[in-house]
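Please read the points below with the structure open beside you. They go from the confidence of the model to the chains, and then to single residues.

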Amino acid sequence: MIFLRRQLPLLITMITGLLFAGQYYVPHPASEQLLTSATKWLQIVGGFALVLGVTSLFHQHAAKIRRKEEGWGYSLVLYAGMLGTIAVGLWANGKESLEGAATAFGWVYSYMLVPLQGTMFAILAFFIASAAYRSFRARSREAAVLLIAAVIVMMGRVPLGEYLIPLSGDVSQWILNVLNASVRRAILIGVSLGAVALSFKIIFGVERSYLGGGKE
Amino acid sequence: MDATVLGAWVATGLTLCIFSFLYKDNPLFKLAEHLYVGVSVGYTIVKAYDTVIVHLIVKPIVEQGEIALLIPVAIGMLMLTRYVPKAAWLSRYAFAFIVGVGSGLAIPRTISSFILKQVEDTVRPLLSLAGGDGMTFSMNLLDPSSSINVIIILIGVISVLFYFFFSIEHSGPGKVVAKTGVMFLMIAFGAAFGYTVMARMSLLIGRLTDLIEFSDASYGRPTLWLLIVTIGMLIVLSRRTQGKPPQES
């Protein structure tokens, strides 16, 4: 039983890992077909992972409603929004528009989801600005450099900034394309080395946390 | 009522409900927040159903007879065994498959695209052979591929990598290199911050543009009316809260 519960999953990981790592180095139509199929398979299996997430959300809010916890009415609103969107989405076969005309699902997307999402992220502008005002102090040389870079990039992105500081547009582009790019590149190299090391650890069974705890 | 006009009223109402959070946390914001979660989850479910169930499973199996697709369906179903405690271990097969394929695909592609390619772009010739002038060293800062920028990028990448390299002590010349790395990092963090702020500002301008558009008489001026209603409700809710005794924590 321990083989089925613990060792077989590790074996599956090892075989699939080595197979798909090797696939990259085999320039053959069959190898390409294997990659295409695997990508499709991963999408299908990933779809079932969504079921796990949605069920968890469903249970959490159902418990809130059942126990009549504080704010349980908002959970009802969440359910109404979710079930309503699913109903109109299935009714419209998942299409936002049909022959140029918006479906009810498209209406929900344009007049509910887009404004809600846009405004939710837009209000962050106020909080980021307020947090920056409170925390951005040029206490050290490093903090001053961060502050100056932020101000130049912000100024360089709007016409008023370029009007007030004529070179801010060009300097902003230089900061983003050269200085920022070099840091991103260094971080990317470091992260990638870590990702490769982690992948090897997973394939060879050193890293097993993805299997979860519980009984052997 | 026309669907566009109704949409304008709904979009304006939801926008104002969320903007009301700028005053303070209140029931209008919570309502819009929960509706946002519900609608976005519903939207994701419908899109996943359409993409995965209809286009990746049902149509290929029914129309093209791709029976092999039942294997990933079975693997996916194993994930759902997490809800049955006695059979929960079966879900490990599904996770093992996803993690194994993901790791296998990641190794060569990460090495090729994110390590070797990045190193190749960093270590470039400092002098270029352009035209009949022989070797040139370009000083144009606005051109990211100019010689001077190649040197700056090389210094930036090496110093930042060195800053995160803890196997040797950052002292002597190493300290200077690490300090240079910190400076590069600070500039990048500042630039990322500035860029994010401006992206959010752009979203804010978009929402305000919509509110201005919906204040038009052709929509029935929803911005104006709903703004009055929102402010009125905030005043009422604020007075009701003031009347209540403070809750014990």
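**Notes on a two-chain model**

1. Contacts in chain B. Counting contacts in chain B between residues at least 6 apart in sequence, 35% join residues at least 24 apart. For chain A, the share found in the same way is 19%.

2. Confidence. This is a predicted model, so the confidence values should be read before anything else. Chain A has a mean pLDDT of 91, and 98% of its residues reach 70 or more. Among the elements of chain A, the lowest mean pLDDT, 86, belongs to helix H6 (residues 159-164) of chain A, and the highest, 95, to H3(A).

3. Make-up of chain A. Chain A has 7 helices and 2 strands. Read from the N terminus, its elements run α-α-α-β-β-α-α-α-α. The radius of gyration of chain A is 26 Å, whereas the globule rule gives 17 Å for 216 residues; chain A is therefore more spread out than a compact globule. Its C-alpha atoms fill a box of roughly 70 × 50 × 45 Å along the principal axes. Of the 216 residues in chain A, 30% are buried.

4. Domains of chain A. The chain is divided into domain 1 (30-88), domain 2 (92-124) and domain 3 (136-208). Between the C-alpha centres of domain 1 of chain A and domain 2 of chain A the distance is 19 Å.

5. Make-up of chain B. Chain B contains 7 helices and 2 strands. From the N terminus on, the order of its elements is α-α-α-α-β-β-α-α-α. Its radius of gyration is 29 Å, well over the 18 Å from the globule rule for 249 residues, so chain B is more spread out than a compact globule. The C-alpha trace of chain B spans about 75 × 55 × 50 Å along its principal axes. Buried residues account for 30% of the 249 residues of chain B.

6. The contact between the chains. How many residues does the contact take from chain A and from chain B? It takes 102 residues from chain A and 101 residues from chain B. On the side of chain A that touches chain B, at least two residues each come from helix H1 (2-23), helix H2 (29-66), helix H3 (72-91), helix H4 (104-135), helix H5 (141-156) and helix H7 (168-203) of chain A. H7(A) gives the most to this side, with 25 residues. Sorted by class, the side of chain A that touches chain B has 73 nonpolar, 22 polar and 7 charged residues.

7. A helix with a buried face. Helix H3 (residues 70-79) of chain B has these buried residues: B:Pro72, B:Ile75, B:Gly76, B:Leu78 and B:Met79. Where on the helix do the buried residues of H3(B) fall? Seen down the axis of H3(B), they lie within an arc of 150 degrees, so they line one face of the helix. The buried residues of H3(B) pack against H2 of chain A, together with helix H4 (91-122) of chain B.

8. One residue across the contact. B:Leu203 is in helix H6 (residues 173-213) of chain B. Leaving out residues up to four places away in sequence, B:Leu203 touches A:Gly118, A:Phe121 and A:Ala122. B:Leu203 has 18 C-beta neighbours inside 10 Å and so counts as partly exposed; a buried residue needs 20 or more. B:Leu203 and B:Ala74 are 129 residues apart along the chain, and their C-alpha atoms are separated by 43 Å.

9. Two residues with positive phi. Most residues other than glycine have a negative phi. A:Asn93 is not a glycine, yet its phi is positive, at about 55 degrees. A:Asn93 lies in the loop between H3 and strand S1 (97-98) of chain A. A:Glu99 also has a positive phi, near 50 degrees, and is a residue other than glycine. A:Glu99 sits in the loop between S1 and strand S2 (101-102) of chain A.

10. Exposure of these two. Is A:Glu99 buried or exposed? A:Glu99 has 4 C-beta neighbours inside 10 Å, so it counts as exposed. A:Asn93 has 13 other C-beta atoms within 10 Å and is partly exposed. The cut-off for exposed is 12 or fewer.

Note on methods: Residues numbered from 1 in each chain as written. Chains lettered and ligands numbered in written order. Predicted model: local features only at pLDDT ≥ 70, side-chain atom pairs only at ≥ 80, totals over all residues. Contact = placed C-beta atoms within 7 Å. Helix = DSSP H or I, 4+ residues; strand = E, 2+ residues; numbered from the N terminus. Nonpolar A, V, L, I, M, F, W, Y, C, P; charged D, E, K, R; others polar. pLDDT = per-residue confidence, 0-100. Rg over C-alpha atoms; globule rule 2.2 N^0.38 Å. Domains from an automatic or database assignment. Arc of directions from axis to C-beta.
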